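Please read them beside the coordinates.

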Amino acid sequence: MDQLRRRGQAERWDLWTRTSLSGAYALELVWAAIMIGPAVGPTVRWVILAYIALHAITCALLVNAGLDHYLGRRSRPVRLIALTAGLTVVGVVVGVVAYPDAQPGHPDGPASALVVVLATAFVAAVSSAVPFSVATGVLAAAVVTKFAVSRIEGAPMSIAVPAAVSLCGLMVAWMLTCRGSMWGLKGVWELDHSRKAHARLAVAEERLRFARDLHDVIGRNLSVVALKSELAARLVERGRSGAVDEMREVRKIAQESLAEMRAVVGGYRTADLDMELAGAKSVLASAGVRCQVIGDGHDLSAEVQSTLGWVVREGTTNVLRHSEARMCTVSLRRSTAGGTERLTLTMENDGVTGPESPDGHRSIGNGFPGVAERLAAFGGSVVAGREPPDRFRLTAELLLPVATSEEIRPHVTSRRRPARRKDVR
């Protein structure tokens with residue numbers, strides 16, 4: 001069960017699709033035992049069932065190989081198609097040769113039963129590995145074969161035609177079920193790849209923004225420093241005055257550039273809580289994760305907002321990198337005890353995929369030690385843990401003086417309620 005929980009949603013759906021389609025071929029053996037069993041002797045019955053079991057195994061292998069081909073993971077399994085087709089044809093031919101007549105008291109015999117069982121399983125299996133037009137041609141050939149075998153057994157047209165039509169309907173239903181499952185599985189994988197691509201694009205966009213800011217702020221000033229340094233060097237070489245003034249100007253520009261760079265980096269390293277909450281909703285939405293925010297931090301100090309903003313930023317990164325979440329909830333609440341007020345920020349998602357430690361907690365990412373140090377300055381802490389069966393909760397707590405805090409009114413949306421107007425009398 002732990003192995004299954006560590007798989008992503010697409011991987012679990014892939015496993016379920018393959019297991020259900022392959023497991024359906026166990027019914028081929030049961031079906032053959034019911035249809036052929038009473039018409040043959042015990043020894044022949046076991047031989048036929050052993051052959052049907054071999055045919056069912058090759059069909060199950062063909063379905064899995066066909067799924068890999070449909071998903072673009074391997075080439076078309078031509079040899080496996082030929083092997084399964086050969087087993088089907090040999091089984092039908094041997095059945096017609098060994099039992100050309102109908103069973104006494106019945107309109108058909110063991111040969112017709114073999115055609116129904118082998119042909120239906122083969123058409124459904126091969127439809128996963130060949131184009132739909134080819135699968136339709138194989139289905140038509142199976143229907144014609146069933147009609148011919150019924151006529152060989154002596155069945156009249158009034159029985160042979162309905163029997164062939166019924167077989168056609170059965171094969172169409174199984175084939176469409178197989179191809180529909182394949183189509184659904186491919187859609188799930190494409191959505192999973194799209195979600196990961198959105199997450200990578202969001203990270204790349206942030207990197208480009210930071211690089212653009214550094215280029216715009218520092219690039220021009222460095223060009224000026226280079227020109228003025230070269231000018232000062234030439235003035236010194238020629239023994240002319242003015243080199244000292246130019247170097248002082250270089251120093252001034254360098255100091256201004258340093259201050260501007262610190263401002264850029266400081267802005268990047270500063271995390272406003274409300275902005276981070278809005279950014280988390282946007283980034284998670286682009287990755288296909290619905291995010292609900294309860295509460296806001298508009299009345300908190302800048303230091304507290306920055307600290308909690310880093311928690312939200314790191315928590316959002318963990319959701320994108322280490323989960324298959326569909327829903328993420330971020331809540332902010334307060335509780336008063338012992339003259340101090342405790343502020344708790346909780347991030348919870350429903351897509352945990354990582355391993356669980358014996359104590360029920362999961363290892364925290366590399367970005368959280370710095371966050372833990374910031375929270376420690378307020379007497380706080382950060383804890384990450386799993387909530388069975390597949391939920392993951394990140395909780396950050398810090399202490400605030402009651403005298404400098406106000407009540408946070410939680411709400412679901414990010415818009416604030418307008419203040420009530422007071423009547424002036």
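The points below go from the chain as a whole to its cores, surface and salt bridges.

1. Basis. This is a predicted model, in which local features need pLDDT of at least 70 and side-chain atom pairs count only at pLDDT 80 or more, while totals for chains, interfaces and linings use all residues. Residues are numbered from 1 along each chain as its sequence is written, and side-chain values use heavy atoms, with hydrogens and water left out.

2. Overall content. The chain has 12 helices and five strands, where helices (H or I, at least four residues) and strands (E, at least two) are DSSP runs numbered from the N terminus. Of its 425 residues, 39% are buried; buried means under 20% relative accessible area, exposed over 50%, and partly exposed in between, with a 1.4 Å probe and protein chains only. The accessible surface comes to about 23,900 Å², and 61% of that belongs to carbon and sulfur atoms. Areas come from the Shrake-Rupley method with a 1.4 Å probe, and for residues only the protein chains shown count as cover.

3. Contact range. Among contacts in the chain with a separation of 6 or more, 73% are between residues 24 or more positions apart. Contact here means heavy atoms within 4.5 Å.

4. Main core. The largest nonpolar core has 47 residues, and Tyr 25, Ile 36, Ile 52 and Met 171 have the most contacts inside it. Such a core is a set of buried Ala, Val, Leu, Ile, Met, Phe, Trp, Tyr and Cys residues joined through side-chain atoms within 4.5 Å. Elements that give two or more residues to this core include α2 (9–23), α3 (26–36), α4 (42–70) and α8 (157–238). The largest share, 14 residues, comes from α6. Leaving out residues up to four places away in sequence, Tyr 25 touches Ala 56, Cys 59, Ala 60, Val 63, Ala 121, Ala 124, Ala 125 and Trp 174.

5. Second core. A separate core of 33 residues includes Leu 308, Trp 310, Val 312 and Val 330.

6. Helix α4. Thr 58 lies within α4 and is buried, at 6% relative accessibility. Beyond its neighbours within four places in sequence, Thr 58 is in contact with Leu 80, Leu 83, Thr 84 and Leu 87.

7. Surface patch. Val 30, Ile 34 and Met 35 make a nonpolar surface patch of about 280 Å². Patches are made of residues with over 30% relative accessible area and no salt bridge; like charges are joined within 9 Å, and nonpolar side chains (Val, Leu, Ile, Met, Phe, Trp, Tyr) within 5 Å. Ile 34 belongs to helix α3 and is exposed, with a relative accessible area of 62%.

8. Arg 18 is in helix α2 and Asp 68 in helix α4, so the pair ties together parts that are 50 residues apart in sequence. Both Arg 18 and Asp 68 are buried. Asp 14, Arg 18, Asp 68 and Arg 73 are linked in a network of salt bridges.

9. Around strand β3. Arg 393 and Glu 348 form a salt bridge, with the closest N and O atoms 3.3 Å apart. This pair links strand β5 (residues 391–401), which holds Arg 393, to strand β3, which holds Glu 348, 45 residues apart. Arg 393 is partly exposed at 33% relative accessibility, whereas Glu 348 is buried at 15%. Asn 349 is also in strand β3 (residues 340–349) and is buried, at 4% relative accessibility. Its contacts, not counting residues up to four places away in sequence, include Val 319, Met 327, Asp 390 and Phe 392.

10. Asp 350 forms a salt bridge with Arg 326, the closest N and O atoms being 3.8 Å apart. Asp 350 is buried at 10% relative accessibility, and Arg 326 is partly exposed, with a relative accessible area of 47%.

Conventions:
Salt bridge = Lys/Arg side-chain N within 4 Å of Asp/Glu carboxyl O.
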